[in-house]
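This report concerns a helix pair and its surroundings. The sequence and the model are shown below.

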Amino acid sequence: MKKIIYTENAPAPIGLYNQAILVGNTLYTSGQIALNPQTMELVLDDIETETKQVMENMKAVLAAAEMTFENVVKTSIFIMNMEDFSRINAVYGAYFNEATAPARETVQVACLPKNVNIEISMIAIK
């Protein structure tokens, strides 16, 4: 049985999807972009600030499912410019323990929703 996960501490969905779905002990999150959940405005000051907002949004979704970044087993990162990778990785890495970091792929794409520079989705296990 699937359970819909929703929190007001992360941006409300802007389309036909949910923030996350919990099936058994596995959480599947939708991609998060740098929307401020209180104002629903984009946070695009620089790639570090944008990445931090995405990770804070993801942190809120995980918390709504009673999980943390320690539960994350897989991340998918979509970026507009691979030259931003090291700056993104520095922010992203602050949320994980290096020894137990999840599996991950990072892919450069042609376009992302609302023309943001980064989108991240995760799979986590309780």
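In this predicted model, Tyr-92 belongs to helix α2. Because its relative accessibility is 5%, under the 20% cut-off, Tyr-92 counts as buried. Leaving aside residues up to four places away in sequence, Tyr-92 touches Thr-51, Met-55, Thr-75, Ile-77, Pro-102, Arg-104 and Ile-120. Thr-51 is 41 residues from Tyr-92 along the chain, and the two C-alpha atoms are separated by 7.2 Å.

Two packed helices are described by the angle between their axes and the distance between the axes.

| Item | Value |
|---|---|
| Angle between α1 and α2 | about 35 degrees |
| Distance between the axes of α1 and α2 | 9 Å |
| C-alpha separation of Tyr-92 and Thr-51 | 7.2 Å |

The crossing of α1 past α2 is right-handed. On the α1 side, Ile-47, Glu-48, Thr-51, Lys-52 and Met-55 meet Arg-87, Ile-88, Val-91 and Tyr-92 of α2. The residues of this contact comprise five nonpolar, one polar and three charged.

Helix α1 covers residues 47-64, and its 18 residues should span 26 Å at 1.5 Å a residue; the end C-alpha atoms are 26 Å apart, which agrees. The buried residues of α1 include Ile-47, Thr-51, Met-55, Met-58 and Leu-62. Besides α2 (85-93), the buried residues of α1 pack against strands including β1 (2-5), β4 (72-79) and β6 (118-125).

At the N-terminal end, α1 is capped by Asp-46, with a side-chain oxygen 3.1 Å from the backbone nitrogen of Glu-48. Just after α1, Glu-66 adopts a positive phi of about 60 degrees.

Methods
Residues numbered from 1 in each chain as written. Predicted model: local features only at pLDDT ≥ 70, side-chain atom pairs only at ≥ 80, totals over all residues. Heavy atoms only, no water. Helix = DSSP H or I, 4+ residues; strand = E, 2+ residues; numbered from the N terminus. Expected span 1.5 Å × (residues − 1). Buried < 20%, exposed > 50% of the residue type's maximum accessible area, 1.4 Å probe, protein only. Contact = heavy atoms within 4.5 Å. Polar contact = N/O pair within 3.5 Å; in protein donor to acceptor, adjacent residues only side chain to side chain. Axes fitted to C-alpha atoms, helices over the stretch in contact; angles between N-to-C directions. Left-handed = near helix turned anticlockwise from the far one by under 90°. Nonpolar A, V, L, I, M, F, W, Y, C, P; charged D, E, K, R; others polar.
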